[in-house]
Amino acid sequence: MLLFTSPRFDEHVTPPGHPERMERAHVFDAAAARWKDRGGATAMPRAATRDELSRVHAEEYLETIAAAAGRAVMLDPDTFTSPESPEIAQLAAGSAVAAAEYALEHGDPAFALVRPPGHHAERDRAMGFCLYNNVAVAAAHAVSRGLEHVAIVDIDVHHGNGTQWMFYDDPRVLYVSTHQFPFYPGTGAADETGARDGAGFTVNVPLEMGATDADYDLVYRRGVVPVLQQFSPQLVLVSAGFDAHERDPLASMRVTTAGYASVVRQLMEAVGKTPIVFVTEGGYELGALAECLDASFAVIARSGSDRVEPDPDSPGPASHVRADRALNAVRAAQAPFWRGI
């Protein structure tokens, strides 16, 4: 696995008390250092080009972000810039693109440690701490290279409204999301399945608050993995948010570090030799974020992944009532499009 990382991600500064704070970048830096100490490879990212950004964002929106350079601006009630933010957001999007290029050219996994996150950013507006939609920029770049089956799997606790809408009518990009529902940003119901030629290529798995490791294990085994395998992607991009963790302050889920490692393992096993890229999204309890990164690196690298054991305090396999309800909703919505879920 190649890890894309830069110390510059702490230059995006949010107001005091904001959950998406610069200390998250310090967690990334420490995780990258531990990865290097274990012999792992790292690379410096590059900034996304204007052409790469304009594949998913409106020109007027790009001008709005560019005009914020050198200033502190409130873009929406949750989303702020500091003087360096436009440049750092461009670096975050470029990291995702560089990671996708590496995975496609070398066949090895890649992981981009970036902030600000991206999956709430829509074509023409910032929201939910996000400026540019990093994963969407990488997916559109892959499509521009001729790929016709690009999958995005969003494991963040919040639904990625921006990513969904950008590809809602595009059959070349499958968007699959597991998320707390109802919850911010209000999208992500099971019956949001895509439009026109993209019908069936949006798969939302809405989980009620309190979902556990067992719930996540079941919805990935019986919902996400079967869809992913039927789609036969040429590239898989993972919006790697770790804010469904039981210690995260912004949500109400009960996923443990081992539960997140299990999700990552299922995705790695499902894609086989298909190139896969992870790009960070949320995760706001710093200790939990660090734990999830280390556990994910171990699984992705096939290094010690068999030693990631279930949390002894987490509910057993029978405790998946929320998963059953979510899967029933997904089956009702997706029956015309996918088998075996």
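Me: In this predicted model, with which residues is leucine 293 in contact, leaving aside neighbours within four places in sequence?
Reply: Contact here requires heavy atoms within 4.5 Å. Once neighbours within four places in sequence are left aside, the partners of leucine 293 are Val27, Phe28, Ala31, Phe111, Leu113, Phe242 and Thr280.

Me: Is histidine 119 buried or exposed?
Reply: Histidine 119 lies in the loop between β5 (110-112) and α5 (134-144). Its contacts beyond four places in sequence include Cys130, Asp154, His158, Ser239 and Glu281. Buried means under 20% relative accessible area. Because its relative accessibility is 2%, histidine 119 counts as buried.

Me: Where does the cis peptide bond that arginine 115 forms lead?
Reply: The bond has an omega of about 0°.

Me: Is arginine 196 buried or exposed?
Reply: Arginine 196 is not a glycine, yet has a positive phi of about 50°. Its place is in the loop between β7 and β8. Exposed means over 50% relative accessible area. Since the relative accessibility is 66%, arginine 196 counts as exposed.

Notes
Residues numbered from 1 in each chain as written. Predicted model: local features only at pLDDT ≥ 70, side-chain atom pairs only at ≥ 80, totals over all residues. Heavy atoms only, no water. Helix = DSSP H or I, 4+ residues; strand = E, 2+ residues; numbered from the N terminus. Buried < 20%, exposed > 50% of the residue type's maximum accessible area, 1.4 Å probe, protein only.
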